[in-house]
Amino acid sequence: MKTVTPDAISYSAAISSCAKGAEWQKAFALLFAMRRAALEPHSISYNAAISACEKGGQWQRALALLAAMVQTTLELSAFSYNTTISACEKRSEWKRALV
């Protein structure tokens, strides 16, 4: 039987699936599993995890992920910012998004 080794694309797809189901805990776990597997998450991975946090009402985690993106060389997109702002707004923490 042939085994398949997950790569950054398969991890990102799984994180995106978690986002669609508002499974922020699983999205977070997959994002960190990428690092343990010596795979560097890219902006698509982070954006999908931020989206999962937004849908799961985890505004603090969304902000933390955005901050982590800033500390890397990853390019932040309008999606990165808008989804994080939306996560804050949904929990009446819109003022946090202004910082």
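Predicted model: local features only at pLDDT ≥ 70, side-chain atom pairs only at ≥ 80, totals over all residues.
Trainee: Hi! Let's start with α3 and α5. At what angle do they pack, and how far apart are their axes?

Mentor: Hello! α3 (43–55) and helix α5 (residues 78–90) pack at an angle of about 15°, and their axes are 9 Å apart. That makes α3 roughly parallel to α5.

Trainee: And is the crossing of α3 and α5 left-handed or right-handed?

Mentor: The crossing of α3 and α5 is left-handed.

Trainee: Which residues make the contact?

Mentor: From α3 you have N47, I50, S51 and E54. From α5 come F79, S80, T83, T84, S86, A87 and K90. By class, the residues of this contact of α3 with α5 divide into 3 nonpolar, 6 polar and 2 charged.

Trainee: Speaking of charge, how many salt bridges does a search of the whole structure find?

Mentor: The search finds 1 salt bridge. E54 forms a salt bridge with K90, and the closest N and O atoms are 2.6 Å apart.

Trainee: Where do the two partners sit in the chain?

Mentor: E54 is in helix α3 and K90 in helix α5, 36 residues apart, so the pair links distant parts of the chain.

Trainee: Is E54 buried or exposed?

Mentor: E54 counts as buried because its relative accessibility is 10%, and the cut-off for buried is under 20%. K90 is partly exposed, with a relative accessible area of 48%.

Trainee: OK, on to α4. How does helix α4 pack with α5, in angle and axis distance?

Mentor: Helix α4 (residues 59–71) and α5 pack at an angle of about 155°, with 8 Å between their axes. α4 and α5 are therefore roughly antiparallel to each other. The crossing of α4 and α5 is left-handed.

Trainee: Which residues are in the contact of α4 and α5?

Mentor: On the α4 side they are W59, A62, L63, L66 and M69. On the α5 side they are S80, Y81, T84, A87 and C88.

Trainee: S80 keeps coming up. Which residues does S80 touch, not counting those up to four places away in sequence?

Mentor: S80 touches N47, I50, L66 and M69. S80 itself is found in helix α5.

Trainee: Is S80 buried or exposed?

Mentor: S80 counts as buried, because its relative accessibility is 0%.

Trainee: What about the phi of A38?

Mentor: Phi of A38 is near 60°, again a positive value in a residue other than glycine. A38 is in the loop between α2 and α3.

Trainee: How do A22 and A38 count in terms of accessibility?

Mentor: A22 counts as partly exposed, because its relative accessibility is 29%. A38 counts as exposed, at 71% relative accessibility.

Notes: Residues numbered from 1 in each chain as written. Heavy atoms only, no water. Buried < 20%, exposed > 50% of the residue type's maximum accessible area, 1.4 Å probe, protein only. Helix = DSSP H or I, 4+ residues; strand = E, 2+ residues; numbered from the N terminus. Axes fitted to C-alpha atoms, helices over the stretch in contact; angles between N-to-C directions. Parallel < 35°, antiparallel > 145°, perpendicular 65-115°, else oblique. Left-handed = near helix turned anticlockwise from the far one by under 90°. Contact = heavy atoms within 4.5 Å. Nonpolar A, V, L, I, M, F, W, Y, C, P; charged D, E, K, R; others polar. Salt bridge = Lys/Arg side-chain N within 4 Å of Asp/Glu carboxyl O.
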